[in-house]
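This short report is for a reader who is new to the structure below.

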Amino acid sequence: MSALIKNTAAATLVAAMFFILACQYINPPPAEPPADADEIRPFVDVTQSALKGLKESWNIRPGVVIFDYDRDGDMDFYVSNAYEFGNWLYRNNGDGTFENVADDAGAALRQSHGTGVVACDINNDGYQDLYVGAQGSLTDRLDYRSIPEGEQNIDRLLLNKGDGAFTDITASAFGDAVNTRSAMSVTCADVDRDGWPDIYVGNLAEDDFRGMSVPFQNGQYNVLYRNNGNLTFTDISETSGVRGAQIWMRERDGAPVIYKDGATGDEYEGYDPNLRDLHDNRVGDPSGQTQAVTFFDYDSDGDSDLWVANDGDRLHVLRNDSAPGSVRFTDVARYIGIDQVGAWMGFAIGDYDGDADLDIFISNVGYHPRLLPAPDTPMPYCAYHERFAWGTCLHYLLRNDGAREVPGVGRVGAFHDVAPSTAVTPSPLMPPDSLDPANIHESQVVPTGLSAYDFAFGTTFFDYDNDGDQDLYWLGSTVDRGEAPGGEVFPAAGRMLRNVADGAFEDITVRARLLDIQRARYDKLDPQDPKRDTGIHRINPIFHENGKGLAHGDLNGDGYPDLIGTNSKGSLWEDSRQVSFSEAGGPIFVWMNPGGGNNWINLRLKGRMAIDGSGSNADGIGARVYLTAGGRRQVQEVRAGSSYLSMDSINLEFGLGQADEIDTIEVLWPSGRTQTLQNIAANQTLEITEPEE
């Protein structure tokens, strides 16, 4: 069998990767438009003024993290870039502008091809450090085993010195255990609750050997680094059970697709051990291709559990079963009933239905495969796997329904996918094609609710209007603009869904001016005829950028969270008549929230490890906060590493509506300590320090 299929027939097959859904969903009733539907205040694209000119990434997977790297009280941000271009560290000048200080700060990493980024304070000195993922050459036909020592494009750990500069401590921190695989997303948590944040890296595969139209997937193992508390880390991936399981790959009759190692006789499902690179070394590992990772205490037992989103493989939920001196995780996704094969891309965690527990949105391919027939040949792509009950291309919206006991397994979360029944009032200005049943292929099932929406990579829950409930934004696209042509395989330009009631949304993307489209002319759009003069106003998914990373944070300190989106390089869609295949950089968007009349509070947690070496980690990662104000109880959790390649600010941003005082703030610290504050004034950024034992 050929390792990679690149002929014309294969290209046609890739374009026709579509599926048959096993279950028919009932269309939910449309949500009633909110009374203030016309009062949406649009975001402002301040990229050129704030960054002093248009900024474009020449990376294929640019990540972004929002954090206060110099601890001066305002938010800065970091973006990963490609070889020689250098990563960007944008310092907030406090006047609406940002300055790239990466070279002076020692954070540019110009000899690295950056990917996912996370900021966490690994030494508990009060300053967030940077772990920057990397991937190797995209064209050398060499897997990670073949790269000579000293030439690997390894991940980097940058220690924040607290004086505005970073120092690279990769060699001393990891030694021979440094990650040489193709890193994607990265996340931090104190998995053993010893006060020191640990690091988990999700690895994908070398792009030279990624093929979604072949019946195997040579992924790469993931890595969990335990923090030793002395600026060194130990790789405990295998012993802790988190490096990655073998994938599912089945024939149409459900039988496993098996490959035998010609040298050892070992057999693998969906992994070809005989695939070799240019130096005749084995390619990849018998594991999935990980796109996103995050720590989230899904069962509310006080420790950080691990969620792993794989592309063309199962979703994994790894329950933290660690004990003092022993780190151990157990995969419980199967027992929750959510271990479906999908093209899982990103996580957003928030209480979307207002019941004071945390739900989770997981991005996927979306409705696009239903426009054509499903493929018949086994492949990692979700369009094929949907013929089985355990496959899906649709987004998940997992409602948290508490926890339950499973005999022989123990406590697991009770989550249910409610995306098909979650009502979304569509945008009349740019509705998804799936809402017209005539667009869905006759062999496919018409998707419903939130499931009917388009492709996504980066995603986040945030209260954009500070009314006290969680809104949802995502962006993403799978191919270069112009490749199909016009990037028409999965054309997607971002979606902003406003929470209009507990459990229902309204698509306000166009009115909120959050399209991932350069030169969108919102002022030229005719609301009565949105398809008129499309080439002028460009408000159409065919003009999409190549969306990847996404993060939210309050960049200007007005209490309203802002957004930063990244796009990868690629070919350009010129207009409705012509395609340009010349390479172009991917623009970064800085969308500033216009604010409003609602009240708010931003919370920054400080663990006692930064004070006296006791208690929780300095950033308070893993802490859960309940806030009661205006008759509403809200919940958020401090997480470092939030979605695809990227990380939201660790400050917790709560919208309060018209409440001008907070009744109570309850903090459950990772150390087990609890804290309650009462009668707190609104409209401030409040630092909460962990109490002494």
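Why does I564 count as buried? The model is predicted, and in it I564 has a relative accessibility of 0%, so the residue counts as buried. I564 belongs to strand β31, which covers residues 562-567. Leaving out residues up to four places away in sequence, I564 touches V64, I66, F77, G549, L550, A551, L555, I588, F589 and V590. T330 is 234 residues from I564 in sequence, and their C-alpha atoms are 34 Å apart.

The largest nonpolar core has 74 residues, of which Y78, L89, L130, L603 and I665 touch the most other members. Another core, of 25 residues, lies apart from the largest one and includes F347, L358, I360 and V412. Nonpolar side chains tend to be buried together in soluble globular proteins.

The second largest pocket has a volume of about 400 Å³. It is lined by 19 residues, and P431, D433, K531, N540 and P541 are the closest to its centre. The lining consists of 11 nonpolar, 3 polar and 5 charged residues.

The mean pLDDT of the protein chain is 90, and 91% of its residues reach 70 or more.

| Stretch | pLDDT | Contacts in the model beyond near neighbours in sequence |
|---|---|---|
| residues 1-37 | below 50 | 92 contacts |
| residues 481-487 | under 50 | 31 contacts |

Conventions: Residues are numbered from 1 along each chain as its sequence is written. This is a predicted model: local features need pLDDT of at least 70, side-chain atom pairs count only at pLDDT 80 or more; totals for chains, interfaces and linings use all residues. Side-chain values use heavy atoms; hydrogens and water are left out. A nonpolar core is a set of buried Ala, Val, Leu, Ile, Met, Phe, Trp, Tyr and Cys residues joined through side-chain atoms within 4.5 Å. Buried means under 20% relative accessible area, exposed over 50%, partly exposed in between (1.4 Å probe, protein chains only). pLDDT is the predictor's confidence in each residue, from 0 to 100. Contact means heavy atoms within 4.5 Å. On a 1 Å grid over the protein atoms alone, a cavity is a set of points where a 1.4 Å probe fits but cannot get out, and a pocket is an open set with protein on both sides within 12 Å along at least five of seven lines; lining residues have an atom within 4 Å of a point. Grid points are joined across faces, edges and corners, and a volume is the space filled by probe spheres set on the points. Ala, Val, Leu, Ile, Met, Phe, Trp, Tyr, Cys and Pro count as nonpolar, Asp, Glu, Lys and Arg as charged, and the others, Gly among them, as polar. Helices (H or I, at least four residues) and strands (E, at least two) are DSSP runs, numbered from the N terminus.
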